[in-house]
Amino acid sequence: MMHQHVKHVVLVVCTGATVLIGCVQLTPAQERPQSIPAVVAKVRPSVVTILTRGVPAGPSQHVSSSGSGSGIIIDPSGFILTNNHLVEGVKSLVIGLPTGRLTPGRVVARDFLLDLAIVKIVAQDLVPATLGQKASLEIGETVIAIGNPLNPLASKGGSSVTAGVVSALGRAVLAPNGETLYDLIQTDAAINPGNSGGPLVDLSGQVVGINVVVDPSAQAISYAIPTEAVYPHIQSMILRGSVSRPDFGFTPVTVTPSLAASFGLEADRGVLALNVDPAKSAGAAGLQSGDVITALDQTPLYNMGDFWHSVMRDGEQPVMQLTVQGRAGQSTVSLPRPPAQKGGR
């Protein structure tokens, strides 16, 4: 009599572009909670230090000290997920691996609206983290922040660890670059300069967020980008170098005071439409170069983050109503809404 031994199965999904992005390991959505030390032992080998040269770090609201931050190995072929503000404008990167080895890195993809970037390194025996696919976190759920704060190379102990709870979900924060980061996880896990780009992990050992920003005006309030929102964009970023967004036939630009003065705009906020193609949907609907979109479906817009968040919302009407301020005054432009992509904007 033949006995079949059934073991826990890990599903490995390989894309057709395995040369570029390899295989991404997925685990069942529900896993038995582990102790914090067990979770740390599982995830720590996937956390790297990112050292930059070329520009000073961004404003202090972002959790990065001058020239350093954290990243998450997401593929054994050498792709690392981190924050865009850590690598924007830098001339060179050095990646500190969990083994203590230093290796050069290069930026292969950036998106400033999501504050995400992907860095590529050449190294052996990399341990990728598991990106969580949970439909949602629960307020009060325990989470663990792992990263390399302050002086990451001074200690031989590896990445540091803090723990806390999910304090709130769906938060929106205005980033120093003038754009809005949406749907953030708020946590009281202590995050310090240098933690930016590192993982926020649940008790199953899955990465549920990428630490991105702290509130400098409050104590124990930090934010992370949920991996549920990140995951749909990883393949596009690696293959194209950017996030894939609908093409309406114009270039949207956030209106700033200097931009409003340069273009002589009537509106002091919103999204300026440039390079409008009359043959594509926006131009055919009547949008013109120099128009400012001030609202979408009567929701005020202040920047491009607002615009793309409104465009990609689920469960909305198939037609979008854009409130436009142009040379001839205010008007309304109707555009078909693109198919919703989970987590996208």
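1. Strands 6 and 7. In this predicted model, strand 6 spans residues 92–96 and strand 7 spans residues 102–111. The two run antiparallel and share four bridges.

2. The turn between them. Strand 6 and strand 7 make a hairpin, with five residues separating the strands. Look at Gly100 in that turn: its phi is positive, about 100°.

3. Strands 7 and 8. Strand 7 also pairs with strand 8, residues 116–120. The sense is again antiparallel, here over five bridges. Arg110 stands opposite Ala117 of strand 8.

4. Helix 8. Is this helix, residues 304–311, enclosed or open? It is largely enclosed by the rest of the structure, because eight of its eight residues are buried. Buried here means under 20% relative accessible area. The residues are Met304, Gly305, Asp306, Phe307, Trp308, His309, Ser310 and Val311. Note that Asp306 and His309 are on that list.

5. What covers helix 8. Several strands contribute to the cover over its buried residues. They include strand 11 (180–187), strand 15 (251–254) and strand 16 (271–274). Strand 17 (292–296) and strand 19 (319–326) are also among them.

6. The start of helix 8. Asn303 deserves a look. A side-chain oxygen of Asn303 comes to within 3.1 Å of the backbone nitrogen of Gly305. Gly305 is itself one of the buried residues of the helix.

Conventions:
Residues numbered from 1 in each chain as written. Predicted model: local features only at pLDDT ≥ 70, side-chain atom pairs only at ≥ 80, totals over all residues. Heavy atoms only, no water. Pairing = 2+ DSSP bridges. Buried < 20%, exposed > 50% of the residue type's maximum accessible area, 1.4 Å probe, protein only. Contact = heavy atoms within 4.5 Å. Polar contact = N/O pair within 3.5 Å; in protein donor to acceptor, adjacent residues only side chain to side chain.
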